[in-house]
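Please keep the display open while I talk.

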Amino acid sequence: MRIELRGSNFNPWDELQGHQRAALSEQASYGATACFVGTMRDLNEGDTVHNMMLEHYPGMTEKQLEKIVSAAYAEWGFIDALVIHRVGNILPNEPIVLVAVWSSHRGAAFDACRYIIEELKSRAPFWKKETLEARERWVEHNTSGYY
Amino acid sequence: MSIHVKYFASLREQMGRIDDCLTSEGIHTVADVWKAVREGQPLPATILAAVNMEYAGADTPVNDGDEVAFFPPVTGG
């Protein structure tokens, strides 16, 4: 299991492939891989967004992410999980977060992946500040993950 | 008695500083910490709190050497 905060742009697909190659190539026990990639949009609440600053609480962020992934492991017993989250200044089209889960069967992979991203969005101490055309704005709340 | 108080995001900007160190006596809970740094105001429902990097409520006890943080709702992911 790997949890990482990243201060610069990353390619989620390369990360997925790299992790699978490094950590999972010795075994053939996983039959399912589920992943979620969150990407920065250039539009929010009707306004053009030029860039975004992602602030976090060093120490607590890692602690909360570890708790979330551990709780998911206790519930679904997957084989491996990878979480990478950006911090610092982010541009539109750049990935913000990658969550990937490898498990024997698809049920645990889908459910654990969904659980990790939803818990991350509601409990991990990150905050987004958007730079708009002529001003800055803190994002005040996340949208619901369930419609 | 020494409590390190940290602020994040929009609250950090409102406070005009990133942290405080409280050394006053009579601080027993998270709500007491908030009152000490906000001139007696009650802790608003819109502000989240953590003690030693775990989520906490207004009534959560605080002890000498603890790190207490206050911040708005989180918006990561």
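Predicted model: local features only at pLDDT ≥ 70, side-chain atom pairs only at ≥ 80, totals over all residues.

**One helix, then the rest**

Let me start with helix H2 of chain A, residues 60-76, whose 17 residues should span 24 Å at 1.5 Å a residue, and since its end C-alpha atoms are 24 Å apart, the two values agree. The expected span here is 1.5 Å times one less than the number of residues in the helix, and helices (H or I, at least four residues) and strands (E, at least two) are DSSP runs, numbered from the N terminus.

Residues are numbered from 1 along each chain as its sequence is written, while chains are lettered from A and ligands numbered from 1 in the order in which they are written.

Back to H2(A): which of its residues are buried? They are A:Met60, A:Thr61, A:Gln64, A:Leu65, A:Ile68, A:Val69, A:Ala72 and A:Trp76. Seen down the axis of H2(A), these buried residues fall within an arc of 160 degrees, so they line one face of the helix, the arc being that of the directions from the helix axis to the C-beta atoms. On the face turned away from that buried side, H2(A) carries the exposed residues A:Ser70 and A:Ala74. For burial, I count a residue as buried if 20 or more other C-beta atoms lie within 10 Å of its own, exposed if 12 or fewer, and partly exposed in between, with C-beta atoms placed from the backbone. Just after H2(A), A:Gly77 takes a positive phi of about 55 degrees.

Now to chain A as a whole. Chain A has three helices and ten strands, and from the N terminus on its elements run β-α-β-β-β-β-α-β-β-β-α-β-β. For 147 residues, a compact globule would have a radius of gyration near 15 Å, and the 16 Å of chain A agrees with that; the radius is taken over C-alpha atoms, and the globule rule is 2.2 Å times the number of residues to the power 0.38. Along the principal axes, the C-alpha atoms of chain A fill a box of roughly 55 × 30 × 25 Å. Buried residues make up 33% of its 147 residues. Among contacts in chain A between residues at least 6 apart in sequence, 77% join residues at least 24 apart, where two residues are in contact if their C-beta atoms, placed from the backbone, lie within 7 Å.

Chain B comes to two helices and five strands, in the order β-α-β-α-β-β-β from the N terminus on. The radius of gyration of chain B is 11 Å, close to the 11 Å that the globule rule gives for 77 residues, so chain B is as compact as a globular protein of that length. Of the 77 residues of chain B, 34% count as buried.

How many residues of chain A are in contact with chain B? There are 23 of them, touching 13 residues of chain B. The elements giving two or more residues to that side of chain A are H2, strand E8 (95-103), helix H3 (106-123) and strand E9 (126-131), and the largest share, four residues, comes from H3(A).

Turning to individual positions, A:Ala109 has its place in helix H3 of chain A and is buried, with 24 other C-beta atoms within 10 Å. Leaving out residues up to four places away in sequence, A:Ala109 touches several residues, among them A:Ala32, A:Phe78 and A:Val101. The C-alpha atoms of A:Ala109 and A:Ile79, 30 residues apart along the chain, are separated by 9.2 Å.

Lastly, two residues for anyone checking backbone angles. A:Asn93, in the loop between strand E7 (88-90) and E8 of chain A, has a positive phi of about 85 degrees although it is not a glycine, and A:Asn93 is exposed, with 10 other C-beta atoms within 10 Å. B:Ala9, found in helix H1 (residues 9-15) of chain B, also has a positive phi, near 55 degrees, in a residue other than glycine, but B:Ala9 counts as buried, with 24 C-beta neighbours inside 10 Å.
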